[in-house]
Amino acid sequence: MLGRTEQPSPAVPAPREGGDGPEGPADRRPPSWRDTLERFGYHQPERIPLAERLVPPMPSAGGPPLVLNRLGIFPPERLWAWLCRWAGWLGPLAVALFGGVLRFTGLGSPHAIIFDETYYAKDAYTLWQRGYETNWADGANEAIMGSPQGIPFRLDAAYVVHPPVGKWIIGLGEYVFGMNPFGWRAAMALLGTLSILMIARIGRRLFRSTLLGCVAGLLLAVDGLHFVMSRVALLDLVVMFWTLAAFGFLLLDRDRTRGLIARRLGDAPDAVLARRMNLGWRPYRIAAGVCVGLTCATKWSGLYVALAFGLLTVLWDAGSRRLAGAARPYLWTLLRDAVPAFCSIVLTSVVVYVSSFAGWFASSSAPGQGGYGRDWAAHRAGLSPEFVPLPGLGGVRMPFRFDMSWVPDPLRSLWHYHSTVYDFHTHLTSPHTYQSNPWSWLVLGRPVSYFYESPKLGQSGCQVNECAREVLGIGTPLLWWAGVVALVYCLYRWAVRRDWRAGAVLCGLAAGYLPWFAYQQRTIFLFYAVAFVPFLVLAVTMLVGVMIGPVRAASPDRRIIGATAAGALLLAVVWNFLYFYPLYTGQTIPMDDWRARMWFTSWI
């Protein structure tokens, strides 16, 4: 019996009159609760070694899955071993290739400057020409799209309210492919494709399953909002890309650091070593800091990513020290790991952010000849500002002012420029047709129409009396609605089961989502949500993993049933994406078909 020590048997008594023998029911002990559970397939979990608890093993080669055997498919052993060995790359690359083909096919359509491309495509071009954004002549859009083409940018600096990294990236596509719709969208399509590869690898590492990694990549590939944002020259997909990259580097840092702890400890926890241990050089965390800095240098919303990921890596370190045996893991983590984490994430981000303005710094400080505000500090008294803008507090008046002339003029000019930008963002309340409240984002309450036409018979391929042609920024509905259920499950796993994976997914989503609730009076849009779409996808992937069931604990039949249900969910999401595909790509469809896809009046 499991967990019971066998004792020497006493002498067997003689049977009682009218009773049963020593093997009969009268002398048999009642079954224990473990006996009962074992009859239903329960087995006491094996003791997991400390090293494996710190760093669970990555997927490795094994026999073909039972479902293949039941279908009569028995692949050669050597071929199957080779596939298993390289599946960690082959699967994600295949999914990324699929997503890349989707994103690059017809990328130049609509052949027009749509929505906010009128700002970012032109700003990107002048960044590469002048090192800073400049103004454009009236009628510039028509000249750019005309034949022959004209590119009438001026030399005077333009006032822009977003840092330059996203526009540098958009401009790279224009530099390679020219100033045309394909050119200014090419870099976004590339980042969208690479993000599919990244999330597949991240999902594999997070869930220790190549299958679930590929599921995550597939779900991101067929999300409508991610797809549309990969095909327009806006900044938010760049924010998503660097946020996801930072998360991936932190995962690598977590495994690398825990592997170091496991090698030092051996097979048993050590309280003294756990609290004194120096975790040393952590290149992956510094790389995460660089990515967070690039996020902030694309949009200021990256600031919340820096705060969330900085806290996340410190909590992971505390969990590592606790598992290693430290009596007060949070105290020792605060003493030994908090400052290095701050330097790796926050200070590195600051350096990257300031460096992103290199073109602005290199421009002339002569009045009217450099980037916007570049000459502000020239011949100006170096007093500290009377009011300092702080998030959530507005302009806070300082109790006194002090001399700031020791700060170089370019940095003082940059600070003043940023104060005006902050004032712009916090007071942006102009109503817009497609603005939405963040409460409605997860259920896709109000999508954004980037482009719309109503061609008549014979126009733009219309073959009926009236057609519609639209690029609608909306997520794949079934995926997002399943994501709401998955987020509830992740909250349960994190709050009740203390599952660190669920906590990591929620942290990434919270960094990209929750800050917008503090700016509900501001003009904001659903497409900002693309920053947290990868974490919504990871939440759904975690739910899919639960549907399939764990390899060791679930029976083969249970896993087949769960895999069938999970496969049905994935097929439904893919079908839903294909159903809305004409609205994602601006295809000409009959007006009745367009109306059939407007499931809610708020989508019109």
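What follows is a short chat about a predicted model.

Reader: What should I know about the model before asking anything?
Author: The model is predicted, so local features need pLDDT of at least 70 and side-chain atom pairs count only at pLDDT 80 or more, while totals for chains, interfaces and linings use all residues. Residues are numbered from 1 along each chain as its sequence is written, and side-chain values use heavy atoms, with hydrogens and water left out.

Reader: Start with helix 20. Where does helix 20 run?
Author: Helix 20 covers residues 500-513. Helices here are DSSP runs of H or I with at least four residues, strands are E runs of at least two, and both are numbered from the N terminus.

Reader: How many residues of helix 20 are buried?
Author: Eleven of its 14 residues are buried, so helix 20 is largely enclosed by the rest of the structure. Buried means under 20% relative accessible area, exposed means over 50%, and partly exposed is in between (1.4 Å probe, protein chains only). Among the buried ones are Val505, Leu506, Cys507 and Tyr513.

Reader: Which helices do those buried residues pack against?
Author: They pack against helix 8 (181-207), helix 11 (236-265), helix 14 (302-324), helix 19 (477-495) and helix 21 (533-548). Contact means heavy atoms within 4.5 Å.

Reader: What does Leu538 touch?
Author: Leaving out residues up to four places away in sequence, Leu538 touches Ile199, Ile202, Gly203, Leu206, Phe207, Ala216, Phe247 and Val505. In the largest nonpolar core, which has 136 residues, Leu538 is one of those that touch the most other members, along with Phe309, Tyr450, Trp480 and Phe527. A nonpolar core is a set of buried Ala, Val, Leu, Ile, Met, Phe, Trp, Tyr and Cys residues joined through side-chain atoms within 4.5 Å.

Reader: Switching to the backbone. Which residues does the cis bond at Pro110 join?
Author: It joins Ser109 and Pro110, with omega about 0°. Pro110 lies in the loop between helix 4 and helix 5 (117-130). Another cis peptide bond runs from Ser147 to Pro148, with omega near 5°.

Reader: What is phi of Phe115?
Author: Phi of Phe115 is near 50°, a positive value in a residue other than glycine. Phe115 is found in the loop between helix 4 and helix 5, and at 18% relative accessibility Phe115 counts as buried.

Reader: And Leu444, buried or exposed?
Author: Leu444 has 0% relative accessibility and therefore counts as buried. Its phi is near 60°, also positive in a residue other than glycine. Leu444 sits in the loop between helix 18 (409-426) and strand 5 (448-453).

Technical notes:
The expected span of a helix is 1.5 Å times one less than its number of residues.
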